[in-house]
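I opened my notebook to look up how this fold is put together. Here are my entries, with the structure first.

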Amino acid sequence: GARKDFQASKQRLLVVANRLPVSAVKHGDSWQLEMSAGGLVSALLGVKEFDTRWIGWAGINVPDESEQKTLTEALAAKNCIPVFIEEEIAHQYYNGYCNNTLWPLFHYLGLPQEDHLATTRNFKSQFEAYTKANQCFADVVSKHYEEGDAVWCHDYHLMFLPKYLKERNSDMKVGWFLHTPFPSSEIHRMLPSRSELLKSVLSADLVGFHTYDYARHFVSACTRILGLEGTPEGVEDQGKLTRVAVFPVGIDPDRFIQALELPQVKDIVKELKQRFTGYKVLLGVDRLDMIKGIPQKILAFEKFLEENPDWRHKVVLLQIAVPTRTDVLKYKQLTSQVHEIVGRINGRFGSFSSVPIHHLDCTLDFHTLCAIYAITDVALVTSLRDGMNLVSYEFVACQAANKGVLILSEFAGAAQSLGAGAILVNPWNVAEVASSISYALNMSADEKEKRHHHNFLHVTTHTSQGWAETFVSELNETIVEAQLRSRQ
Ligand code: F6P
């Protein structure tokens with residue numbers, strides 16, 4: 001449980017993450033701030049009881065200094081501080097090294113071979129851009145740092161940040177948390193810069209992961225690749241201990257539960273129920289990313305329709321595919337692939353009056369999202385790999401009335417926490433997912449109630465606020481323990 005030996009509301013916290021909770025869009029002369037997508041944002045939005053500053057990339061190229069100033073002012077109202085990165089570096093850092101190298105590798109999809117074989121220089125310049133971008137973040141953190149602040153670095157985008165921060169100020173309290181899986185050391189060792197990245201992360205005082213397995217993989221990467229000693233507390237290098245621990249993230253459940261009480265949300269719920277009268281609703285909400293297993297999920301639904309003719313025209317799959325990383329070629333290819341499969345299945349099983357799959361390439365506003373979660377009978381979260389997956393948590397939070405079923409990939413971190421309430425599946429096994437859909441649709445009310453109860457209890461007691469308090473409290477404690485050790 002959280003050791004709340006400090007007052008979170010007073011503690012100054014610098015959250016440093018690639019993405020800010022809002023993304024800036026230019027409208028004429030003014031800036032519009034739109035909510036960003038992704039699990040990290042969903043989690044950190046629920047962290048309210050700290051005196052927080054959020055430092056991150058503005059997600060947009062702003063070369064003009066006076067524009068940088070107006071954007072900085074607009075973001076300050078949201079306690080956000082932008083990091084400006086020159087366009088080409090940002091491109092090579094974000095689209096290149098982060099999303100085309102680290103992201104697929106950490107999700108067991110290997111390294112991008114074509115870049116290595118055809119343009120090795122490309123890989124080198126992407127890595128250099130990654131180091132430069134991390135320096136830009138370190139500059140902004142140093143500028144805003146005040147003594148006693150807890151500096152919490154997030155994710156695979158910022159693996160060099162702990163090292164750069166400690167080089168500038170060895171007294172800084174630095175934590176680093178990974179929102180993705182940390183892969184088996186056998187996978188991590190493929191990375192050309194495997195050692196530098198590990199060593200830098202070890203400069204942090206506390207390193208956190210969602211699950212015990214990810215933490216174990218990280219420690220074995222440090223022992224096997226760097227030859228360091230793994231201890232029950234973490235990793236030791238010449239007497240210096242880096243704490244490694246597990247902090248499973250959550251959401252802010254009240255945000256969802258309260259939204260369902262709003263009249264405008266109730267109206268959307270009513271409209272959707274009317275729209276889908278006579279149908280059972282299956283739902284997928286994913287960023288359109290290869291790790292989410294969207295093609296496999298849709299193929300499983302096709303198999304279900306094939307094998308269960310009685311269910312045809314009585315069930316519909318709503319797949320919300322949130323556009324993401326659209327400048328990376330593989331993401332563009334995935335969009336076409338998914339569209340092709342959806343078109344084929346709708347052509348095969350559709351009729352003049354009904355189509356089995358409603359596939360939308362869009363981001364839903366928060367109220368519509370809550371309403372869709374609430375009217376869903378079966379949610380399909382079938383990621384091939386996923387750090388945690390908070391869509392599964394959000395769905396559960398909105399199901400107090402309906403008690404819908406969650407079909408959940410055993411390769412998502414959430415399987416460790418919602419496994420007893422969900423139907424766990426191997427997303428690669430299309431036949432297994434198809435039969436789980438059938439099982440979920442035919443499930444008794446009693447079983448649904450029991451499964452939902454288990455998950456709802458977990459989601460409402462393991463919140464993002466608790467996650468952050470536990471991490472920061474542990475970070476404070478780690479520093480005190482290190483000081484005591486050094487005096488001995
Ligand atoms: O939740 C994991 C994560 O990788 C975040 O770090 C990231 O912000 C999110 O998914 C969405 O990806 P992106 O920021 O590239 O849009």
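I began at strand β13 (residues 315-322), which is joined to β14 by four bridges and runs parallel to it. In that pair, I found Q319 opposite H359 of β14. Strands here pair if DSSP finds at least two bridges between them; helices (H or I, at least four residues) and strands (E, at least two) are DSSP runs, numbered from the N terminus.

A note on the ground rules: this is a predicted model, where local features need pLDDT of at least 70, side-chain atom pairs count only at pLDDT 80 or more, and totals for chains, interfaces and linings use all residues. Residues are numbered from 1 along each chain as its sequence is written.

Next I traced the open sheet of six strands, and its order is β14-β13-β12-β15-β16-β17, with parallel pairing. I noted β14 (357-360) and β17 (423-425) as the edge strands, each pairing on one side only.

I then looked up helix α17 (residues 430-441), which lies across β12 (280-287), β13, β15 (378-381), β16 (405-409) and β17. Contact means C-beta atoms, placed from the backbone, within 7 Å. I407 touches, among others, V378, L380, V433 and I437, not counting residues up to four places away in sequence.

Elsewhere, I checked β2 (residues 22-27) and β3 (residues 30-35), which run antiparallel and are joined by six bridges. V22 stands opposite M35 in β3. The two strands form a hairpin with two residues between them, and G28 in the turn has a positive phi of about 60°.

Key. Contact = placed C-beta atoms within 7 Å. Axes fitted to C-alpha atoms, helices over the stretch in contact; angles between N-to-C directions.
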